[in-house]
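Have a look at the structure alongside them.

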Amino acid sequence: MMLVALLAVPALGAVLVALLPARLDRPARALGTVVAAAAFAVSVALGLDRGPLLPAAGQALTPWQQYKVSWVPGLNLDFHLGVDGISYPLVVLTTLLTLLCCVYSMWTVPGDGARGRLLVALLLVIEVGILGTFLALDLVLFFVFFEVVLLPMYAVIAGWGGEDRRRAARKFVLYTLFGSVLLLVGVFVVVSAAGTADLVTLSATGGGGMARATQLAAFILFAVAFAVKSPLWPLHTWLPDAHTEAPTVGSVILAGVLLKMGTYGLIRVAIGVAPEGAVAVAPVLGVLAVAAILVGSLVCLAQSELKRLIAYSSVGHMGFVLLGIATLSTVGLQAALIGNIAHGIITGLLFFLAGAIKDRTHTGLLAELGGLRETAPGLAGVLGFAAIASLGLPGLAGFWGEAFAVVASLQRGGTLWTVLGVLAAVGGALTAAYFMRLLRRVTHGPAAPAVATTAAPRLSTYELVSWAPLVVLALAVGLLPALVLGLSADPVTALLAEVSP
Amino acid sequence: MISVDVLGPLLPAVPFACALVGLLLPLRARRPAAVLAVGGAAVALLIGIALALRFRQPFGTSVELVDFGGLPVTFGVRVDWAAVYVALAVGVVALAVQAYSVSYLADDDRYVPYAAQVSLFTAAMLLVVVSGDLIVLLVGWEVMGICSYLLIGHDRTLPEAPGAAVKAFLVTRVGDVGFLLGIALLGIEAGSFRIADVLGAIATGDLSGVVVTTAGLLLLAGVAGKSAQFPLHTWLPDAMAGPTPISALIHAATMVAAGIYVVTRLMPVFAGTPLTVLGVMAAITMLLGALAATAQDDIKRVLAWSTVSQLAYMAGALAVGAVAPALFHLLTHAAFKALLFLGAGSVIHAVGSNLMSRMGGLRRGMPVTFWSMTIGLGALMGLPPLAGFWSKDAILASTEGHLLYASGLATVVVTAWYATRLWLRTFFGAPRSDAAAHPHEAPPLMSVPVALLAVPSALLGFAAFRSGFGDRLVMPLPAEWVGEYSGTAAGGPAVVREAVELVHVGPALAWPLLCLAAGSLGAWLVWRRDRAADPARVLGPVRPVFANAFYLDAVQDALVVRPALGFARAVRRADESIVDGAVEGTGRGTLSLGGVLAAAHRSGLPRAATAVLAGALLIGLAAAALGGLA
């Protein structure tokens, strides 16, 4: 029941918030925050009531809690929800980031602020879609929730975004729709070949008895669809424009959790349902992942705009996650899972900060920024912390995913994977280079005119409240990675037992 | 009382806690920040002393942090006498630097975050010293690097500081790529990241020779970066843009020594080819650093290049397998180099400039600093009976018969030359600026740490006479360890070691002393001819070459930095025009296709009628053909 509550609470809240009249905009945003807090509480409680952690014999996917109701039998669509060690950290991350975005929306909303409640309502709808994706244990239901996210996100970008928002929103929705079409075809292929859409059954039998060729076709379709979402180079070009033009909370949700739908889908759906396809395609995925790391880092080194730089850094970081997945080993998948969470925390924080800087200085161009630590030392300090966390400094959250993706790749052995591992490690050095360059341009040096005349140098309470949890989590996950990985070891091992390279 | 098992992990934990609290303090809380900083360093030193007093046997602890699919990462310590001594050195220098900084940064409004960052650095260094796990060691290693970055860029009035900070971090990060790969390789092959397990796997032969050599060479990249050995040495002189106490702590006594220290911890990994490579690097760096120091006008740059050169001495000792002399020199160097930097800071504070051409005759106004720095410079040169003489002699004795011996002796000459030059230019002769004409001794919080550091700089050498001291610096025998932390398989061959002798009094002692006399006398004679001029003028046309360290900075810029940036710009253009161009192209293509079809739909009646008739004809033909087949 908690699973249904987790989806129902934000859904009802979204409707309520949207229906309130315009003169009650501020209270409506507050109501939205309360709803988001309730959802966060439910998600935390979800982790306290765990059944047996060890997978049942012969079962690759053992959810702690399940909820299954037949919905549309003709489409093989059951309302089947469940959570296990792989999806739980992502669920908590989603509810936390949505809550922080709602808190931030109480402080400021781009534009005239009269439609702030609609933005909050859309954030809650997006939250329902993302949570549904992470909780769905039925392929068709997974697809439904995957789609739910698209139009609200389009509305967020197009309604509250920057100058070029309509074009960026269009590109975002069309590109990801292309991926979704492929996902639908893939789901079709699997359902018609295996006869069931139930992820538990499909994972348990390592592909539901599908022939190798079918699994290969299904995996490729899934992989391309999730590659668009993750995003994986070269299917990434929707991301920079979408991030640059989206409002701050839109970027935070987009980078923090939307991208994780792609990598989660790769693990749960693509590998879980078509393991033989995964084994065949893994080297290609690995090569593209390392290309993403290197290309992302090099482009960032030559970037001139703040939000665009952070967007391309997401391409690089997701490259590490995808490399971990491509190794199809326990070390790799564990690295991918913690890399996912770390990226969500840190890049979410980075986009909050970028939004705060743009609001204060009205520019995101690196050439026009400079000397932030002279006028706004608190903001500069948190930006420094976030940048250092994002470059993968050991001791902070980003390190584990990056380092152990390299370890997993080296552990795979063979010429290809060793070379990929070495290149990924070099990518780590490039990541440090561009973040150092960013800090030097933005925080150090004499104060640029745009920075010197900034209106509000001190951090407001709302900003401190929305950023503090992320700062603390970046340090906590960095020092105690077991917080994220303690629960996922067994599900990952069980999942990989069906995959035999 | 607290057991050593708790004291070990507590060593890095206490300064870390002080750092966390200190980072949250507001900028105006100077007093609490100072108390926290100095107190934290003092407590860390006390823990180190307690550990030394209660130390009975080498021991280790480990607690599992996380398990990555069969590769566990543990948090624990691996403590032997070497670790204890180095920890004590770190504690002493950190305490001296924290106390000194309170006065040195008295008029700096960002003292509070500075003090917290120094505490964080101390915690990271202590973590490297006692860590029993390679991944946790990497954590401390990199946190030291980031603290170095933050602290070099501390002074906002120096335009070159941010660039120097970035350079320091990136050059060491390049080395750390190799360091991570080496650690990954060792962990994967040994099945664990614990140092004891890795060394045990090497001892039993579980790790093939190729793997060990590759890992050693990869780790060497990180060591070269952190310890500023050629070719990754270019960051250290520029790092002098940081405040002088930082130069003393990070870039002289501790962080740069961490590379040397890690080699001693993992000596079996480096055996063979890696040590040969290290030896070549050391031989080059020794002379490179010393020659560059002869031509610098900035007093801190002289000391920075001197550090590069002295670290090469330690690396050279390691290259011939002489661990005890290397660690001995690490300890004495920590004392006298910290002393020299802090003393230089007092001088800079009094004169208001880093340049020796604006100093002169300071010995009358600054007696404490003068005498302390005299001892420090004497130790640096290797003047008996100061500490540096004994440790440098131990190194030279161990390298006899190698190329490193010749290199070492040549460096003794040059070291004596530049040390004497610095001494004379700064403290003797007529003052060359107004500030130098009216010097004042540094305030007590600055002069007392300097004077106190003169004690180990003078006397630490005599520790070599204590029996068993040399043995303590080498890795303990397997039988001595408590539990399974020895790093060899149980029941392995019994290792018998002969006692390590650090003191070699004999005729071979004459050579270093002669070189010392030659270099020192040479500098004094040149100076005597014209007391106001720089003795470096005798270098003539070679002077700019030495001053720019053989233009290696420019080489690095041309070979690495510019190509990387150019490549980055090219990739960005390609990504935007080709990859994104393809995507935008599909959009444009679809629109134009739609346009074509729309135009076709809008065609007039004659054309539409023709199309209908042609279509009907085609369908009829098809039906006839298919019907004929059926």
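**Ground rules.** I am working with a predicted model, where local features need pLDDT of at least 70 and side-chain atom pairs count only at pLDDT 80 or more, while totals for chains, interfaces and linings use all residues. Residues are numbered from 1 along each chain as its sequence is written, chains are lettered from A and ligands numbered from 1 in written order, and side-chain values use heavy atoms, without hydrogens and water.

**Confidence.** I noted ipTM 0.91 and pTM 0.92 for the model. For chain B I found a mean pLDDT of 89, with 97% of its residues at 70 or more; pLDDT is the predictor's confidence in each residue, from 0 to 100.

**A helix pair in chain B.** I looked up α18(B) (residues 403-427) and α22(B) (residues 510-529), whose axes come within 8 Å and cross at roughly 35 degrees. Helices here are DSSP runs of H or I, at least four residues, numbered from the N terminus. Axes are lines fitted to C-alpha atoms over the stretch in contact, and angles run from 0 to 180 degrees between N-to-C directions. The crossing is right-handed, that is, the near helix is turned clockwise from the far one by less than a right angle. Ala, Val, Leu, Ile, Met, Phe, Trp, Tyr, Cys and Pro are nonpolar, Asp, Glu, Lys and Arg charged, and the others, Gly among them, polar.

**Cavities.** How many cavities of 30 Å³ or more does a search of the whole structure find? It finds nine. On a 1 Å grid over the protein atoms alone, a cavity is a set of points where a 1.4 Å probe fits but cannot get out, and lining residues have an atom within 4 Å of a point. Points are joined across faces, edges and corners, and a volume is the space filled by probe spheres set on them.

The largest cavity holds about 190 Å³. Its lining has 16 residues, with G392(A), E402(A), E142(B), R173(B) and L180(B) nearest the centre. Two or more lining residues come from each of α17 and α18 of chain A and α5 and α6 of chain B. By class I get ten nonpolar, two polar and four charged.

The second largest cavity has about 100 Å³. E402(A) is in this lining too, along with residues including H317(A), H343(A) and S390(A). α14(A) gives the largest share, four residues. The classes are five nonpolar, six polar and one charged.

Of its 40 lining residues, A433(A), L170(B), V560(B), V561(B) and A564(B) are closest to the centre. α24(B) gives the most, 13 residues. The lining divides into 26 nonpolar, six polar and eight charged.

**Backbone details.** I found a cis peptide bond between S230(A) and P231(A), omega about -10 degrees, with P231(A) in the loop between α9 and α10 of chain A. In chain B, the bond from F230(B) to P231(B) is cis, omega near 0 degrees, and P231(B) lies in the loop between α8 and α9. L328(A) has a positive phi, near 55 degrees, and belongs to the loop between α13 and α14 of chain A.

Note on methods:
On a 1 Å grid over the protein atoms alone, a cavity is a set of points where a 1.4 Å probe fits but cannot get out, and a pocket is an open set with protein on both sides within 12 Å along at least five of seven lines; lining residues have an atom within 4 Å of a point.
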